[in-house]
Amino acid sequence: VYYWKVQNLSRRSRRHVEKKILTFRGNKTFGMLPGLEPYSSYKLNVRVVNGKGEGPASPDKVFKTPEGVPSSPSYLKITNPTLDSLTLEWGLPTHPNGVLTSYILKFQPINNTHELGPLVEIRIPANESSLILKNLNYSTRYKFYFNAQTSVGSGSQITEEAVTIMDE
């Protein structure tokens, strides 16, 4: 079985095509293809091998893999601290593995003895790349947990900490 990735359905870009070959015993009529990436289009064909060598390829069969969860956003940057607000900016996941549906931001204050306060969760539309968080406590450290989602579920999160300023 020869198989190769034609395109990543998230990116629509083509790259160098690397054909993979998987060999099955003659009495097998099915098998598993390892290492397939989510939300991608592949082609495969089958060839019979005997003592004389490899026969002609079957017609190419096209198939698509389903969506998966995304990788973590490429970065989370926290800027513009004021008495009661912070600005968050982030980058798309390197591997969306599907259509992004939203981002999930969770955050909580951290007090001077490093105890965590109540956790707040915000769902952010997938087309956003920044957010101004308002009504925060002044001179307070916050811990942020941030991840992207597809219809399949949440990807891995990145974390960051930032402090609102003491006085303007």
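Predicted model: local features only at pLDDT ≥ 70, side-chain atom pairs only at ≥ 80, totals over all residues.

Me: Is threonine 164 buried or exposed?
Reply: The relative accessibility of threonine 164 is 2%. Buried means under 20%. Threonine 164 therefore counts as buried.

Me: Which backbone atom lies 2.6 Å from a polar atom of the side chain of threonine 164?
Reply: Two backbone atoms are worth a look here. The backbone nitrogen of serine 139 lies 2.9 Å from a polar atom of that side chain. The one at 2.6 Å is the backbone oxygen of asparagine 137.

Me: Which serines is threonine 164 in contact with, leaving aside its neighbours within four places in sequence?
Reply: The list of contacts includes Thr82, Leu83, Leu86, Leu136, Asn137, Tyr138, Thr140 and Tyr142. It also holds the serines you want, Ser85 and Ser139.

Me: Where is the place of serine 85?
Reply: Look for strand 7 (76-79) and then strand 8 (86-90). Serine 85 is in the loop between strand 7 and strand 8.

Me: Is serine 85 buried or exposed?
Reply: Serine 85 has a relative accessible area of 11%. The cut-off for buried is under 20%, so serine 85 is buried.

Me: Which side chain does a polar contact of 2.7 Å join to that of serine 85?
Reply: Serine 85 touches several residues beyond four places away in sequence, including Asn80, Ile132 and Thr164. The polar contact of 2.7 Å, though, joins the side chain of serine 85 to that of threonine 82.

Me: How many strands does the protein have?
Reply: Let's zoom out to the whole chain. From the N terminus on, the elements run β-β-β-β-β-β-β-β-β-β-β-β-β-β. The secondary structure comes to zero helices, and the number of strands is 14.

Me: Why is the protein more spread out than a compact globule?
Reply: The globule rule gives 15 Å for 168 residues. The C-alpha trace spans about 80 × 30 × 25 Å along its principal axes.

Definitions and conventions
Residues numbered from 1 in each chain as written. Heavy atoms only, no water. Helix = DSSP H or I, 4+ residues; strand = E, 2+ residues; numbered from the N terminus. Buried < 20%, exposed > 50% of the residue type's maximum accessible area, 1.4 Å probe, protein only. Polar contact = N/O pair within 3.5 Å; in protein donor to acceptor, adjacent residues only side chain to side chain. Contact = heavy atoms within 4.5 Å. Rg over C-alpha atoms; globule rule 2.2 N^0.38 Å.
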